[in-house]
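Please look over the sequence and the model below. A set of questions and answers follows.

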Amino acid sequence: MDIQEIQNKISPSVAIIIAGVIIAGAIMFANSKPPSQPLAQGNQPPQPDATALEKMNPVSAEDHIRGNLNAPVKIVEYSDTECPFCKQFHGTMKQVVAEYGTKVAWVYRHFPLDSLHPKARKEAEATECAAELGGNDKFWAYLDRLMEVTPSNDGLDPAELPKIATYVGLDATKFNTCLSSGKYAQKVEDHVKNAMATGGQGTPWSIVVGTNEKKYPLSGAQPYQNVKQLIEGALAGK
């Protein structure tokens, strides 16, 4: 029996099945390729090694800190304002600060993922303009409001940025001048580079610094109980 006769005997249903297998294989092959850039992530990302964590820029008064700079535990968060997991984790971190008070400081740094959220980088600059015009308190007020109103995944209209500035009590004209200048673009980029150097592969990416300066990775939007457990270990110096 030649090939043509075999083909003629194959039923349409069998042909459909064979085609389906071929297509499925192609999809699996495409999905097996590793991403070329960091991706927003959930709760089970890969963990970096301790050497990478040591590349974190030291926490200083130049950082945006919610809480006491000299707190025994510091959580340094590298975040993307348009990442839905970051929006979720923002609420978790507010809960942490409310419970632990002066024992834990929340340090916020920028990690916009351009391939997923092109708007996030300018939003990061907007928070820096808020800090310039109103200090640390206005930075956090602006960031809280931005996280509250954004639908995430690049859903925030850029026209909302000056409206948020007005909402938190800033001069909209001065804010727009600052934002259009691009003066904080390099600062945001420096944060991104440091996040990646420390092993950050997605957002939110956080590093917990304990009482003995030991660093612990905290990847993804971990639930409150997981974060609490890590904090307790960091406080104990474990």
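Predicted model: local features only at pLDDT ≥ 70, side-chain atom pairs only at ≥ 80, totals over all residues.

Q: Which handedness does the crossing of α4 past α5 have?
A: Helices here are DSSP runs of H or I with at least four residues, and strands are runs of E with at least two, numbered from the N terminus. A crossing is left-handed if the near helix is turned anticlockwise from the far one by less than a right angle, and right-handed if clockwise. For α4 passing α5, the crossing is left-handed.

Q: Which residues of α5 make the contact with α4?
A: Contact means heavy atoms within 4.5 Å. From α4 come Cys-86, Lys-87, His-90 and Lys-94. Their partners in α5 are Leu-143, Asp-144, Met-147 and Glu-148.

Q: At what angle do α4 and α5 pack?
A: Axes are lines fitted to C-alpha atoms, for helices over the stretch in contact, and angles run from 0 to 180 degrees between N-to-C directions. The axes of α4 and α5 are 10 Å apart, and the angle is about 135°.

Q: Why is α4 described as oblique to α5?
A: Angles under 35 degrees count as roughly parallel, over 145 as roughly antiparallel, 65 to 115 as roughly perpendicular and the rest as oblique. The pair packs at about 135°. That makes α4, relative to α5, oblique.

Q: Which cysteines form a disulfide?
A: A disulfide is a pair of cysteine sulfur atoms within 2.5 Å. A search of the whole structure finds one. The sulfur atoms are 2.1 Å apart, and the pair is Cys-129 and Cys-178.

Q: Which helices hold Cys-129 and Cys-178?
A: The pair links distant parts of the chain, 49 residues apart. Cys-129 is in α5 (residues 120–149), and Cys-178 is in α7 (residues 172–181).

Q: Why is the disulfide of Cys-129 and Cys-178 left-handed?
A: The handedness follows from the torsion about the S-S bond. For Cys-129 and Cys-178, that torsion is about -85°.

Q: Is Cys-129 buried or exposed?
A: Buried means under 20% relative accessible area, exposed over 50%, partly exposed in between (1.4 Å probe, protein chains only). Cys-129 has 1% relative accessibility, so Cys-129 is buried.

Q: Where is Pro-204 found?
A: A cis peptide bond joins Thr-203 and Pro-204, with omega about -10°. Pro-204 is in the loop between α8 (185–197) and β4.

Q: What phi does Ser-152 have?
A: Ser-152 lies in the loop between α5 and α6 (160–167). Ser-152 is buried, with a relative accessible area of 6%. Although Ser-152 is not a glycine, its phi is positive, about 75°.

Methods:
Residues numbered from 1 in each chain as written. Heavy atoms only, no water.
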